[in-house]
Amino acid sequence: MTEMDAERLRQVSQHAFGQRYRLELMLAIASTDDGIVCLTDLAKTLEITISNLQSPLRALVNTGLISPLPRGDSRRKFYIRNPSAAWAWAQELSELGQSGFLTSDPSPADAGSAGNDVMSPGSDIP
């Protein structure tokens, strides 16, 4: 993945989740064959510091998308991917970001209609 692709994914992730690295993390977890991952390995694969991945990883645990596995004899902590449509949605977000469909700047038309979502009294529209 090029640096430009990574930055685009991070912008999409920031918009969708409020975290720059969650989408990349989700895509890396989704791409594993067995769904078992370790934070250290993910950081190396993604070339992102462990500290940048800790919060997004915690969010995935808190939402039930991944579950921690018992440590056993290993010093490293492993997680397993839980079944969810969220993994396919992460891929879809990635594809939308790659296509340029999602942008980081709202269009002038979007900015001008920001306050038009409120219905006026007597409006017939539900």
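Tutor: Burial first. Buried means under 20% relative accessible area, exposed means over 50%, and partly exposed is in between (1.4 Å probe, protein chains only). By that scale Trp89 is partly exposed, because its relative accessible area is 41%.

Student: What kind of model is it, and what gets counted?

Tutor: This is a predicted model: local features need pLDDT of at least 70, side-chain atom pairs count only at pLDDT 80 or more, and totals for chains, interfaces and linings use all residues. Residues are numbered from 1 along each chain as its sequence is written, and side-chain values use heavy atoms, with hydrogens and water left out.

Student: How many helices and strands in the chain?

Tutor: Six helices and three strands. Both are DSSP runs numbered from the N terminus: helices are H or I with at least four residues, strands are E with at least two. The order from the N terminus is α-α-β-α-α-β-β-α-α.

Student: Back to Trp89. Which residue does Trp89 form an aromatic pair with?

Tutor: Phe17. The structure holds one aromatic pair. Phe17 and Trp89 are edge-to-face, at 5.7 Å centre to centre and 90° between the planes. Cut-offs: rings of Phe, Tyr and Trp (its six-membered ring) pair if their centres lie within 6.5 Å; planes under 30 degrees apart are stacked, over 60 edge-to-face, the rest tilted.

Student: Where do the two sit in the chain?

Tutor: Phe17 is in helix α1 (residues 3–17) and Trp89 in helix α5 (residues 86–99), 72 residues apart.

Student: How do the axes of α1 and α5 cross?

Tutor: They come within 9 Å and cross at roughly 125°. Axes are lines fitted to C-alpha atoms, for helices over the stretch in contact, with angles from 0 to 180 degrees between N-to-C directions. That makes α1 oblique to α5; under 35 degrees is roughly parallel, over 145 roughly antiparallel, 65 to 115 roughly perpendicular, and the rest oblique.

Student: Ser94 next. Buried or exposed?

Tutor: Buried, because its relative accessible area is 7%. Ser94 lies in α5. Not counting residues up to four places away in sequence, Ser94 touches Leu9, Leu23 and Leu27; contact means heavy atoms within 4.5 Å.

Student: And how covered is α2?

Tutor: Mostly. Helix α2 (residues 22–30) has eight of its nine residues buried, including Leu23 and Leu27. Over the chain, buried residues make up 31% of the 126.
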